[in-house]
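Please examine the sequence and the structure shown below, and keep both in view while reading.

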Amino acid sequence: MCGIVGYVGLRPALPILVNSLQRLEYRGYDSCGIALCGGHLEVFKDTGRIGDLSSQLTSNGYSMGIGHTRWATHGKPSQANAHPHTDCSGRIAVVHNGVIDNYLELRTQLIREGHTFRSETDSEVIAHLVEKHHEGSLESAVAAALAEVKGSYAIIVVAADCQYMVVARHENPLIIGVGYRENLVASDVPAVLDYTNKVIYLEDGDLATESRNTVKVSSGGKEQKRNCDHIPWSIEEAQKGGYEHFMLKEIHEQPKAITETLRGYLSHVEPQVNLGIEVPAGIDDVLLLACGSSYHATLIGKQVFEALTGMPTRVEMASEFIHASPVLRRTWVIAVTQSGETADTLMAIKKAKMLGGKTLAVTNVVGSSITRIADQCFYTRAGPEISVAATKTFTTQLIALYLLALAWPDVGAKFKSTIVQDLGRLASKVQRLLNDESEIAQQGETLAAFDNVLFVGRGINYPVALEGALKLKEISYIHAEGYAAGELKHGPFALLTPRTPVVAVAALDNTRESFLANIREIKARESPLLAIADERDTEINKYVDCVVRVPGVEPLLTPVINTVALQLLAYFAAWKRGCEIDLPRNLAKSVTVP
Ligand code: AGP
């Protein structure tokens with residue numbers, strides 16, 4: 001998730017922009033840049049840290065400027081792709097957070113009209129569009145440019161000869177910091193808190209101009225009055241958006257992350273999925289490779305692929321695959337890794353490539369090592385994840401796997417239509433679950449008192465049970481195991497006692513009858529039983545001690561909604577135990593050693 005900042009006032013802009021960008025470092029970034037403005041523009045940008053960039057800068061005579069931390073989505077991390085982007089004349093500079101869906105069309109048209117592009121980014125089109133429309137005020141040029149843009153954005157635009165900034169937002173956050181004879185703008189509150197705690201939250205469709213003494217907000221061409229809020233948070237609290245831990249914040253970011261992963265790929269008119277990724281011709285099977293949570297995502301992906309495409313699909317733990325003697329014939333190898341840096345997954349995909357497999361990487365990090373190895377890449381666009389426990393990167397991997405399966409030629413039209421429609425509604429259903437987490441919180445706190453917990457599921461929710469157990473063990477240190485519910489009687493039954501709670505991931509699908517039979521078997525052993533169940537399930541409460549209800553979705557999509565419930569369950573158990581949730585002991589976010 002990129003971060004943007006802007007300053008206009010009486011003080012030197014450079015140190016304020018540097019400090020504000022550093023306050024946004026928690027969002028993660030791969031490159032950064034600053035444009036200083038006053039009669040002409042000076043732009044400084046590079047890959048790497050803000051501290052390194054700023055140590056080379058001395059331009060202190062400016063009292064207006066903009067800055068950016070980039071989390072690559074289009075084009076690798078590089079100096080050319082870093083923001084700010086400028087127009088052909090070098091007199092207009094733009095920073096952007098978001099995704100411009102129609103940038104390829106716009107770019108082609110602008111090149112035809114004589115514009116020269118210097119980067120691979122979607123964002124650069126905004127600078128050229130503003131240049132194209134810059135006849136009157138900068139404000140009207142920005143409005144005209146945005147009228148041509150489809151997608152999501154938070155932007156700040158400055159021009160060499162203009163003494164104000166123009167800012168706008170659509171589906172990406174942007175706040176204005178209101179100071180005394182100075183004003184700021186940023187993606188998030190921490191960036192302005194050192195200078196002011198008076199903040200205006202812009203709304204979708206807002207366009208504002210900010211000079212040193214004025215802030216004017218309009219929407220649809222009409223001036224708007226927006227409230228100025230007082231922020232009572234410390235910087236640290238503000239970086240977590242008011243959440244106690246990054247993990248909880250990231251769990252709550254999932255509706256937005258899912259929307260971003262789906263953005264531009266679904267057409268509801270005639271249910272279609274177009275990813276711009278080619279399924280290699282003549283393949284006989286699919287092999288999915290991954291580790292940890294990503295491995296659990298691939299276990300779900302296997303079932304999705306087989307249900308939708310009929311293509312034989314197998315899954316291998318990357319760490320095991322590197323020692324195996326696999327047979328790959330005409331196999332499409334899909335490696336899934338949020339970081340793109342997991343050593344085992346990198347070694348596994350290299351081995352698969354050597355054996356002749358065509359490869360695709362599903363990752364959250366543009367420019368990561370795996371993107372340089374795989375033949376093709378699909379980016380999950382979840383934004384940076386700070387907490388060690390995978391949450392939004394996991395659910396967006398699932399979305400990526402659904403999309404890949406749906407983009408397959410020959411998926412049955414009726415089935416496709418149902419899944420596409422339900423995928424489109426998924427983010428709002430996850431939001432509904434998150435809006436009412438009190439029941440899950442209470443159940444999580446109850447689990448905190450136990451030393452062992454079992455998770456069970458069947459069919460597509462078996463890997464969800466594995467993921468629920470992994471989440472609980474890694475952040476709360478409670479011993480937890482996930483099982484296919486039908487497997488308990490083959491050994492794990494020996495563990496069932498009134499001191500071993502079981503979390504049952506229930507679904508209204510073809511596993512229903514056998515799952516209920518398994519639940520009854522567990523109950524007979526007197527283990528406390530908690531079910532995660534569809535809100536339309538009127539029967540489950542007869543068999544279990546407690547039920548957490550989740551919004552109903554198409555059976556194939558239940559792993560997303562059920563996993564979010566289990567993430568919360570683990571979070572509140574760990575919270576009750578007072579664990580260091582974001583940095584669990586002995587674990588690292590990227591496991592770069594084999
Ligand atoms: C899960 O919460 C962990 N962070 C871990 O299992 C992780 O999924 C695994 O290390 C794989 O990481 P990757 O997705 O970056 O390859």
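Strand β7 (residues 151-159) and strand β8 (residues 165-170) run antiparallel and are joined by four bridges. Two strands are said to pair if DSSP finds at least two bridges between them. Helices (H or I, at least four residues) and strands (E, at least two) are DSSP runs, numbered from the N terminus. Within this pair, Ala-154 has Arg-169 of β8 as its bridge partner. Helix α5 packs on the sheet and touches β7, β8, β12 (206-210) and β13 (215-219). The direction of α5 makes about 155° with that of β7.

The model is a predicted one, in which local features need pLDDT of at least 70 and side-chain atom pairs count only at pLDDT 80 or more, while totals for chains, interfaces and linings use all residues. Residues are numbered from 1 along each chain as its sequence is written, and side-chain values use heavy atoms, with hydrogens and water left out.

The sheet that holds β7 and β8 is open and has seven strands, in the order β5-β6-β7-β8-β12-β13-β14, with antiparallel pairing. Its edge strands are β5 and β14 (222-224), each of which pairs on one side only. In the loop between β4 and β5 (85-86) lies Pro-84. The peptide bond that leads from His-83 to Pro-84 is cis, with omega near 0°.

A further open sheet contains eight strands, ordered β3-β2-β4-β1-β10-β9-β11-β15, and its pairing is antiparallel. Here β3 (40-47) and β15 (229-230) are the edge strands, since each pairs on one side only. Inside this sheet, strand β1 (residues 3-8) and strand β10 (residues 183-186) run antiparallel and are joined by four bridges. Val-5 has Ala-186 of β10 as its bridge partner. Helix α1 (residues 13-23) packs on the sheet and touches β1, β2 (31-38), β4 (64-70) and β10. The direction of α1 makes about 155° with that of β2. The loop between β9 (175-178) and β10 holds Arg-181. Although Arg-181 is not a glycine, its phi is positive, at about 55°.

The next topic is the packing of helices on one another. Two packed helices are described by the angle between their axes and the distance between the axes. Axes are lines fitted to C-alpha atoms, for helices over the stretch in contact, and angles run from 0 to 180 degrees between N-to-C directions.

How do the axes of helix α3 (residues 103-112) and α4 cross? They come within 10 Å and cross at roughly 50°. That makes α3 oblique to α4; angles under 35 degrees count as roughly parallel, over 145 as roughly antiparallel, 65 to 115 as roughly perpendicular and the rest as oblique. Tyr-103, Leu-106, Arg-107 and Leu-110 of α3 make the contact with Val-125, His-128, Leu-129 and Lys-132 of α4, where contact means heavy atoms within 4.5 Å. By class, five nonpolar, one polar and two charged residues take part in the contact of α3 with α4. Ala, Val, Leu, Ile, Met, Phe, Trp, Tyr, Cys and Pro count as nonpolar, Asp, Glu, Lys and Arg as charged, and the others, Gly among them, as polar.

Helix α4 (residues 124-133) also meets helix α5 (residues 138-147): their axes come within 8 Å and cross at roughly 120°. That makes α4 oblique to α5. On the side of α4, Leu-129, Val-130 and His-133 are in contact with Leu-138, Ala-141, Val-142, Ala-144 and Ala-145 of α5. This contact has seven nonpolar residues, one polar residue and no charged residues.

Helix α9 (residues 292-309) and α15 have axes that come within 9 Å and cross at roughly 170°. That makes α9 roughly antiparallel to α15. Gly-292, Ser-293, His-296, Leu-299, Ile-300 and Gln-303 of α9 make the contact with Pro-463, Val-464, Leu-466, Glu-467, Leu-470 and Lys-471 of α15. By class, the contact of α9 with α15 has six nonpolar, four polar and two charged residues.

Helix α15 also belongs to a unit with two strands. Strand β23 (residues 452-457) and strand β24 (residues 479-484) are parallel and pair over six bridges. In this pair, Phe-455 has Gly-482 of β24 as its bridge partner. Together, β23, helix α15 (residues 462-476) and β24 make a right-handed β-α-β unit. A crossover is right-handed if, with the strands pointing away from the viewer, the path from the first strand over the helix to the second runs clockwise.
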